[in-house]
Amino acid sequence: GSSPSDPRPPPPISYSCPPTPGSSLNDKRGDFDLYLDDCETNDGLSLDELRAAPYDAMAPFDVGKARMRPWILRRFAPYLESGDSIYESACGQGLNLLLTAEVLREAGVHDITVYGNDYLESSVRIAERVWDAAEEEGVARKGRFCVGDSADLSHVPSDSFDLVFTGYVAPLFDPLNLLPESAEGIKEKVYNSYRLCLSSDPSELRLRDLEQSRQEVWFARWVSEMIRVAKPGGVVCAEMNAESLCRSGGDFGGVDKEWWNEDTAEEYGWDVDPSSIVMEDVLSMPGWPGDRYHVAMRKRS
């Protein structure tokens with residue numbers, strides 16, 4: 001917020017960050033190493049340097065922005081007005097939020113205020129710095145960034161934001177904890193789950209189904225929280241989703257496209273219009289994972 005020495009007005013939506021964020025179900029040994037390494041690489045870089053560097057350990061910022069622009073123009077911009085507030089769950093270092101705000105500004109949506117959370121303190125620290133600089137550039141107003149679990153945003157008030165989205169629902173690796181705690185590598189965990197897809201053993205097929213069920217409950221918790229903090233009539237989106245391991249065959253895991261339906265919305269009590277659920281395949285570009293998809297929906301008015 002603002003202080004006596006800070007000329008900026010306070011953000012339009014005010015709340016406090018959780019003093020001691022709880023631990024997340026997907027916080028296991030080695031699962032965040034990729035993001036932590038990326039934070040270590042980017043710590044101390046200027047905003048211009050960050051725009052020139054790979055973000056989320058993948059393609060450069062301008063490549064990501066070009067890839068996301070059509071989606072943002074179709075699914076975000078028509079439903080937003082200048083002065084609105086947007087929230088990114090699991091915002092990482094704030095760069096996906098930055099490219100989103102830049103595309104919105106280029107589309108004529110000005111003076112938005114941005115908010116977000118991430119589970120990693122090192123990511124939030126960079127996001128704070130990114131958005132101090134982006135606000136000075138006039139990209140958008142900086143709201144509040146908190147360290148917090150995207151499956152529990154209880155510190156964020158309900159019915160608050162015109163757009164709520166996540167750039168990626170980080171899946172559960174080894175959802176049933178079948179591997180010992182000493183297992184560190186994501187590849188080992190993904191392979192151990194994927195091999196169940198190839199099995200003909202009935203007991204392993206039951207484990208396969210139980211793992212996917214646990215994954216779906218995890219995704220539903222993220223989405224439930226995003227829907228809760230969106231305003232009535234607001235847009236809620238999950239970007240860069242992978243399908244299930246058995247369907248994708250080489251990604252990190254996720255939920256199949258047909259999972260996003262009226263039955264799922266009813267099962268988890270999502271206050272959305274089922275007819276508003278739309279999906280788009282992610283544009284294929286070098287340096288980014290293929291075979292992913294975005295999903296958008298509208299909270300009931």
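Throughout this note, buried means under 20% relative accessible area, exposed means over 50%, and partly exposed lies in between, with a 1.4 Å probe and protein chains only. The model is a predicted one, in which local features need pLDDT of at least 70 and side-chain atom pairs count only at pLDDT 80 or more, while totals for chains, interfaces and linings use all residues. Residues are numbered from 1 along each chain as its sequence is written, and side-chain values use heavy atoms, with hydrogens and water left out.

1. Met 240. This residue has its place in strand β5, where strands (E, at least two residues) and helices (H or I, at least four) are DSSP runs numbered from the N terminus. With a relative accessible area of 4%, Met 240 is buried. Its phi is near 60°, a positive value in a residue other than glycine. Most residues other than glycine have a negative phi.

2. Asp 111. A positive phi, near 55°, is found here too in a residue other than glycine. Asp 111 sits in the loop between α4 and β2 (113-118), and because its relative accessibility is 57%, Asp 111 counts as exposed. As for the glycine that follows α4, Gly 108 has a positive phi near 95°.

3. Helix α4. The expected span of a helix is 1.5 Å times one less than its number of residues. For the 12 residues of α4 (residues 95-106) this rule gives 16 Å, and the end C-alpha atoms are 16 Å apart, which agrees. The helix is mostly covered, since 10 of its 12 residues are buried. The buried residues are Leu 95, Asn 96, Leu 97, Leu 98, Leu 99, Thr 100, Ala 101, Glu 102, Val 103 and Leu 104.

4. Two packed helices are described by the angle between their axes and the distance between the axes. Here axes are lines fitted to C-alpha atoms, for helices over the stretch in contact, and angles run from 0 to 180 degrees between N-to-C directions. Contact, taken as heavy atoms within 4.5 Å, is made by Leu 95, Leu 97, Leu 98, Ala 101 and Arg 105 of α4 and by Val 130, Trp 131, Ala 134 and Glu 137 of α5. These residues divide into 7 nonpolar, no polar and 2 charged, with Ala, Val, Leu, Ile, Met, Phe, Trp, Tyr, Cys and Pro counted as nonpolar, Asp, Glu, Lys and Arg as charged, and the others, Gly among them, as polar.

5. α1 against α5. Helix α1 (residues 33-42) packs on α5 at an angle of about 40°, with the axes 9 Å apart, and α1 is therefore oblique to α5. The crossing of α1 and α5 is left-handed. On the α1 side Leu 36, Cys 39 and Asn 42 meet Ser 122, Ser 123, Ile 126 and Arg 129 of α5, a contact with 3 nonpolar, 3 polar and 1 charged residues.

6. α6 and α7. Helix α6 (residues 186-197) packs with helix α7 (residues 202-229) at an angle of about 120°, their axes being 8 Å apart, and α6 and α7 are therefore oblique to each other. The passage of α6 across α7 is a left-handed crossing. Ser 193, Arg 195, Leu 196 and Cys 197 in α6 meet Glu 204, Leu 205, Leu 207, Arg 208 and Glu 211 in α7; by class, this contact has 4 nonpolar, 1 polar and 4 charged residues.

7. Helix α7. The 28 residues of α7 should span 40 Å, and its end C-alpha atoms are 41 Å apart, which agrees. Its buried residues include Trp 218, Phe 219, Trp 222 and Met 226, and the buried residues of α7 pack against β1 (85-89), β4 (161-166), α6, β5 (230-241) and β7 (293-298).

Technical notes
Parallel < 35°, antiparallel > 145°, perpendicular 65-115°, else oblique. Left-handed = near helix turned anticlockwise from the far one by under 90°.
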